Amino acid sequence: MKKIIISITVVLMMLTMTACGGKEKNIEGDLVTLMNKVYEGVEAPMLGQIELTEENLSFYVGAESLDFKEGLASEAMINAIAHSVVLIRMNEGADVEAAKKEIREKVNPAKWICVGVDEDKVIVDSRGDLIILILDNNIGTQIHENFKKLS
């Protein structure tokens, strides 16, 4: 009888842990606020922010089209500095992993005139429905760490 009770308890605990470990929670907040948070404590160049549209999507992330709700790019205002951070909030039910793969494969880390980012410095990650693309040779890791701390 004890073995049966212990077995049932173990199974229930496993089911409880599995239920809690499902899909990652979406990050709430508007993209401008979230973009400011990923830059906290980072010495970045002078930046301009650009809303992503279907027309400019391929320039910023390489993909021709994504199933996205909204997007924001933050780029160095001086073309001689290779720096870009893009936040993309995907539509509900969109395949985030497929979108990340497409961005990773199609983004051009040398899209600026005369400057570029090393291929191994390109970062594509996600939290829930939010994807980040970071192109920077120097401060990308700091920005990525801030992104991973968003809640």
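Buried means under 20% relative accessible area, exposed over 50%, and partly exposed in between (1.4 Å probe, protein chains only).

**Ground rules.** I'm working on a predicted model, where local features need pLDDT of at least 70 and side-chain atom pairs count only at pLDDT 80 or more, while totals for chains, interfaces and linings use all residues. Residues are numbered from 1 along each chain as its sequence is written, and side-chain values use heavy atoms, with hydrogens and water left out.

**Layout.** I got five helices and five strands for the protein chain; helices (H or I, at least four residues) and strands (E, at least two) are DSSP runs, numbered from the N terminus. Reading from the N terminus, I wrote down α-α-β-α-β-β-α-β-β-α. The chain has 151 residues, and 42% of them count as buried.

**Cores.** I looked up the largest nonpolar core and found 24 residues, with Val61, Leu66, Ile88 and Leu133 having the most contacts inside it. Two or more residues each come from α3 (57–61), β2 (68–76), β3 (83–90), α4 (96–106), β4 (122–127) and β5 (130–136). Apart from this core I noted another, of 18 residues, including Tyr39, Ile123, Ile132 and Phe147.

**Ile88.** Which residues is isoleucine 88 in contact with, leaving aside its neighbours within four places in sequence? Using heavy atoms within 4.5 Å as a contact, I listed Leu52, Val61, Leu66, Phe68, Glu70, Gly71, Ile103, Asp129, Leu130 and Ile131.

**Salt bridges.** I searched the whole structure and came away with eight, taking a side-chain nitrogen of Lys or Arg within 4 Å of a carboxyl oxygen of Asp or Glu as the criterion.

In helix α4, glutamate 97 and lysine 100 sit three residues apart, about one turn, and their side chains pair at 3.3 Å, N to O. Lysine 100 counts as buried, at 14% relative accessibility.

Also in α4, lysine 106 and glutamate 102 are four residues apart, so about one helical turn separates them; their closest N and O atoms are 3.3 Å apart. I have both down as partly exposed, lysine 106 at 43% and glutamate 102 at 21%.

In α5 (residues 140–148), glutamate 145 and lysine 148 are three residues apart and bridge at 3.0 Å, N to O. Glutamate 145 is partly exposed at 34%, and lysine 148 is partly exposed at 40%.

Notes: Core = buried A, V, L, I, M, F, W, Y, C linked by side-chain atoms within 4.5 Å.
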